[in-house]
Amino acid sequence: LILMTSLGEKGENLVANYLSEKGWQILAQRWNCRWSDLDVVASDRSNLIFVEVKTRSAGNWDEDGLLSITPKKQGKLWQAARAFLGEHQPQFDHFNCRFDVALVSHRTNSLCLKTYLENAFTL
């Protein structure tokens, strides 16, 4: 059985590795609930960070995925983050929470982290 990793999963793995190299702890990847999924959940010791990863090929129409983070999508991510916190209480009670966005570029069989936006949106 051969499992193929999707381009999106490869982008998420790239971002998780980037955050790990910065010393952040990766708590979850591709965490799912009924409202949405959380691509990467990480901690930098004082913050709980929910990272939405968008992986795009060259010549995309939506500014490397940034335009796909609509208010509706932000609401779904917020609901998913609340569900994550509900499952992990009281472990993260003292943490500040934020939403980051990582834009990953795909060109000729290679991926690179193009932009990392800390505190990309608030609700």
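Predicted model: local features only at pLDDT ≥ 70, side-chain atom pairs only at ≥ 80, totals over all residues.
Residues are numbered from 1 along each chain as its sequence is written, and side-chain values use heavy atoms, with hydrogens and water left out.

So, Leu38 sits in strand 2, residues 37-43; strands here are DSSP E runs of at least two residues, and helices are H or I runs of at least four, numbered from the N terminus. Is Leu38 buried or exposed? Leu38 is buried, at 2% relative accessible area, and buried means under 20% with a 1.4 Å probe, protein chains only. Beyond residues up to four places away in sequence, Leu38 touches Trp31, Phe50, Leu77 and Phe84, among others; contact means heavy atoms within 4.5 Å.

Now the wider picture. The largest nonpolar core has 19 residues, and Leu38, Val41, Leu48, Phe50 and Phe84 have the most contacts inside it. Such a core is a set of buried Ala, Val, Leu, Ile, Met, Phe, Trp, Tyr and Cys residues joined through side-chain atoms within 4.5 Å. Which element gives the most to this core? Helix 2 does, with 6 residues. There is also a second, separate core of 11 residues, including Trp24 and Ile49.

Finally, back to helix 2: its buried residues include Leu77, Ala80, Ala81 and Phe84, and the buried residues of helix 2 pack against strands 1, 2, 3, 4 and 5.

Notes:
Buried < 20%, exposed > 50% of the residue type's maximum accessible area, 1.4 Å probe, protein only.
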